[in-house]
Amino acid sequence: MAKSRNKLSYISVPSQIITSLSSASLQSLLLSPKKPSKSPIRLFFSNPRSPKLWFFFLFLFSFLGMARIGFLPSPPCSITYPRRPPISTIDSVLPGPSIGRDGGEAEFWKQPDGMGYRPCLDFSEEYRRSSKVVAREKMKYLMVVVSGGLNQQRNQIIDAVIIARILGAALVVPILQVNVIWGDESEFSDIFDMEHFKKTLANDVHIVSSLPSTHLMSRPVEEKRTPLHVTPRWIRNRYLKRLKKEGVLLLRGLDSRLTKDLPSDLQKLRCKVAFHALRFSAPIIELGNKLAERMRSKGPYMALHLRMEMDVWVRTGCLPGLNPEYDKIISSERKLRPELLTARTNMTYHDRKLAGLCPLNALEVTRLLKALGAPRSTRIYWAGGNPLGGQEALLPLTKEFPYFYNKENLSLPGELELFSNKASLLAAIDYVVAANSDVFMPSHGGNMGRAMQALNWKNA
């Protein structure tokens, strides 16, 4: 093994050979006699077992190897080659092809191998048997109030269906709480196709548009705060007896309350609700598909979910990194509304950043895209709300990737009028365009990114 350091070559000889050589033999190799009495070549090769002979061959092979891999110093007047440019920080840290390599553009658009996996919604015989009773339930009713943005609403609606199935109760179409941040007053039917929702789940849960008159005077069992990650057994023990007595159960704040470790049939039901039953309303799908067609008019496109809104920086406990003025605005807002900080309140901004808990800003997204081999000609659909700092916050990204669009500059005059000031509906349009893209990348781990990973999009 040879090592090069400051043009000095080092040869590491195996210890077995070293021990077979006496000090006299080594000395004789280093200090050759000036006037040998016999022919040097003849004397050297006269004894095939001589350590000198073996060391000669070892030295010869090492010398040739050094010359082959370039460890020997270059002779004077040798041809000099231009120095290789230094490896960028991006290339050395992040995987993936770099910009300008042969085949890099095609590699960026290459679709992953599904390995033959397909969604499986084959329920067990026991589940199908019990469905005949659950689907006709008219005595026990579950009401839920869901909150948050679009993806939080979706997750809570999914869990509401699962809880209704666990309790054997009918489900009243979920009530969407007015969003305190965006002031969105959208109802379930504004965002989702309610009739499709009912029809798809008709064999799983009995779903009604409103509480029947027979239960209007009932005193509901109300639970404002369900613990995290509750199991089906906990739900039955906690609610079933009281639900049978009162007839109505009202749940609030279901986000991440139901365990993810469910029995197989309930997990399949969760997938059925998420990717089959919860279809967006016709106006959302129509406009979303139009925008997707415009993006695809010249080939493949990428969807980028940017989370750079002011409320995101406040909730995550992170700073946008634009300038000290914006950082001060976020810090002040967080002090005024500490309840918005979602988790890990004891962590500093720098701790969150190092732990990968902060959204990427425009500069960081740009670096990541370039490291992944995205060509400059990539057409990017930008999903998300207006970033803190406006267009200035996006400059690092738009300078490197100029073909940058969102729903506002893709839509024709009047097309977005129906959805104005309705954050959940606008997010749903982004969802449709992103679902039709060739490549999707979120700037922050969240519900939309996870939904896209598992998406089995169906325009039934």
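Q: Contact means heavy atoms within 4.5 Å; leaving aside neighbours within four places in sequence, which residues is Ile-235 in contact with?
A: Before that, a caution: this is a predicted model, where local features need pLDDT of at least 70, side-chain atom pairs count only at pLDDT 80 or more, and totals for chains, interfaces and linings use all residues. Residues are numbered from 1 along each chain as its sequence is written, and side-chain values use heavy atoms, with hydrogens and water left out. Now the case: with those neighbours set aside, Ile-235 touches Ile-163, Ile-166, Leu-167, Val-230, Leu-240 and Leu-258.

Q: Where does Ile-235 sit, and is it buried or exposed?
A: Buried means under 20% relative accessible area, exposed over 50%, and partly exposed in between (1.4 Å probe, protein chains only). Ile-235 belongs to helix H11, residues 232-246, and it counts as buried because its relative accessibility is 1%. Ser-331 is at 27%, so it counts as partly exposed. Its C-alpha atom is 8.5 Å from that of Gly-317, a residue 14 places away along the chain.

Q: How many helices and strands are there in the protein?
A: Both are DSSP runs numbered from the N terminus: helices are H or I with at least four residues, strands E with at least two. Here you get 21 helices and 12 strands. Of the 460 residues, 41% are buried. If you keep contacts with a separation of 6 or more, 77% of them join residues 24 or more positions apart.

Q: How many residues are in the largest nonpolar core?
A: The general idea is that nonpolar side chains tend to be buried together in soluble globular proteins. A core here is a set of buried Ala, Val, Leu, Ile, Met, Phe, Trp, Tyr and Cys residues joined through side-chain atoms within 4.5 Å. The largest one has 69 residues, and Leu-142, Phe-197 and Phe-280 touch the most other members. H8 supplies the largest share of this core, 10 residues. Another core lies apart from it, with 28 residues including Ala-362, Leu-394, Leu-397 and Met-441.

Q: At what angle do H17 and H18 pack?
A: Axes are lines fitted to C-alpha atoms, for helices over the stretch in contact, with angles from 0 to 180 degrees between N-to-C directions. Helix H17 (residues 362-371) and helix H18 (residues 391-400) pack at about 25°, their axes 7 Å apart. That is why they are roughly parallel, given that angles under 35 degrees count as roughly parallel, over 145 as roughly antiparallel, 65 to 115 as roughly perpendicular and the rest as oblique.

Q: And how do H8 and H20 cross?
A: The axes of H8 (residues 150-167) and H20 (residues 423-435) come within 9 Å and cross at roughly 85°, so H8 is roughly perpendicular to H20. Leu-150, Asn-151, Gln-153 and Arg-154 make the contact from H8, meeting Ser-424, Ala-427, Ala-428 and Tyr-431 of H20.

Conventions
Contact means heavy atoms within 4.5 Å.
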